[in-house]
Amino acid sequence: MLAATLLCITRRNPVHAVIYLVVSFFALAIIFYLLGAPLVAAFEVIVYAGAIMVLFLFIIMMLGLAPQETPEGPGWQRWAPLVLLSSSLMICTLMLIFQDPAASKDIGAFYLAPQAVGEALFGRYALAVEVISFQLLFATIGAYMLGKPLPKGDEQ
Amino acid sequence: MMIPFGHALAFAAALFVLGLTCVLLRRQVIMILVGVEIMLNAASLVFVAASAYWQQADGQVFVIILMAITAAEVAVALAMVVYLWRRKRSLVADVFNGMRG
């Protein structure tokens, strides 16, 4: 799965990148299932791999994006801050994780039925569901406002 | 599944760093959004692992909420991508360097 993600972020063609990201999401869904979250795994496939990635693909194909991004200048000057930042973050995180004695404890066998998730979601977290529904409405309105035709003279 | 909790956390950290690398490395706006997606997935992996570790449902509930938030964010962000494309005919982030009130 990490290999798929790595391939995803290194492809120059955005369509290939999104396809590799779908593979990565499927692998993550399997991991969710193994960690005892079948409902979340199903949502991962349906919402992420199904809806969001199709939206990405649709936009990429609609705009007809060509593979590009030829780096300018010396390569190491562009890569050095990135490699430094990423590797230092990774090393610090791993040190913090494995210093903790709780890190070596096993995750016990755990399976949460979708029914229990639903009861928690619409019982204790009903207010959050309402807030999320409002947010989706606002996102729809925002996307509609952004999608309106430009006024005359703004096109370049 | 008998895996140590630390391994799940380390895996999520690796995924997050990959997403961060994507955000910092790529210059197309749409690939930056892909990097944000990868980072959000790493966060949801931590939530699910913690939910299994403490045998509670709350983590999984929050992952579902996180997915709804991500869907809203992607909708707005892709609408903005289309808008920027119509303005400048390009999606390289360096092009968008001007503001107008």
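This is a predicted model: local features need pLDDT of at least 70, side-chain atom pairs count only at pLDDT 80 or more; totals for chains, interfaces and linings use all residues.
Colleague: What makes up the secondary structure of chain B?

Modeller: Chain B has three helices and zero strands. Read from the N terminus, its elements follow the order α-α-α.

Colleague: How do you know how chain B compares with a compact globule of 101 residues?

Modeller: The radius of gyration of chain B is 17 Å, whereas a compact globule of 101 residues would have one near 13 Å. Along its principal axes, the C-alpha trace spans about 55 × 25 × 20 Å.

Colleague: What share of the residues in chain B is buried?

Modeller: A residue counts as buried if 20 or more other C-beta atoms lie within 10 Å of its own. Buried residues are 50% of the 101 residues in chain B.

Colleague: Which residues have the most contacts inside the largest nonpolar core?

Modeller: They are A:Phe32, A:Val40, B:Ile30, B:Val34, B:Val48 and B:Ala49, in a core of 64 residues. At least two core residues come from each of H2 (14–34), H3 (38–63) and H5 (114–122) of chain A, and from each of H1 (5–25), H2 (29–53) and H3 (58–88) of chain B. H2(B) gives the most, with 13 residues.

Colleague: Which residues is B:Val48 in contact with, leaving aside its neighbours within four places in sequence?

Modeller: In chain A, B:Val48 is in contact with A:Phe32, A:Leu35, A:Ala37 and A:Val40. In chain B, its partners are B:Gly59, B:Gln60 and B:Val63.

Colleague: How many residues of chain B are in contact with chain A?

Modeller: On the chain B side there are 63 residues, in contact with 64 residues of chain A. H1, H2 and H3 of chain B each supply at least two residues of the side that touches chain A, and H3(B) gives the most, with 25 residues. That side of chain B divides into 47 nonpolar, nine polar and seven charged residues.

Colleague: Why are H6(A) and H3(B) called roughly parallel?

Modeller: Helix H6 of chain A, residues 126–147, packs with H3(B) at an angle of about 10 degrees, their axes being 9 Å apart. Angles under 35 degrees count as roughly parallel. The two helices, H6(A) and H3(B), are therefore roughly parallel to each other.

Colleague: Which residues make the contact of H6(A) with H3(B)?

Modeller: Those of H6(A) include A:Ala128, A:Ile132, A:Leu136 and A:Ala139, and those of H3(B) include B:Ile65, B:Ala68, B:Ala72 and B:Tyr83. The residues of this contact divide into 16 nonpolar, three polar and no charged.

Methods: Residues are numbered from 1 along each chain as its sequence is written. Chains are lettered from A and ligands numbered from 1 in the order in which they are written. Helices (H or I, at least four residues) and strands (E, at least two) are DSSP runs, numbered from the N terminus. The radius of gyration is taken over C-alpha atoms; the globule rule is 2.2 Å times the number of residues to the power 0.38. A residue is buried if 20 or more other C-beta atoms lie within 10 Å of its own, exposed if 12 or fewer, and partly exposed in between; C-beta atoms are placed from the backbone. A nonpolar core is a set of buried Ala, Val, Leu, Ile, Met, Phe, Trp, Tyr and Cys residues joined through C-beta atoms within 7 Å. Two residues are in contact if their C-beta atoms, placed from the backbone, lie within 7 Å. Ala, Val, Leu, Ile, Met, Phe, Trp, Tyr, Cys and Pro count as nonpolar, Asp, Glu, Lys and Arg as charged, and the others, Gly among them, as polar. Axes are lines fitted to C-alpha atoms, for helices over the stretch in contact, and angles run from 0 to 180 degrees between N-to-C directions. Angles under 35 degrees count as roughly parallel, over 145 as roughly antiparallel, 65 to 115 as roughly perpendicular and the rest as oblique.
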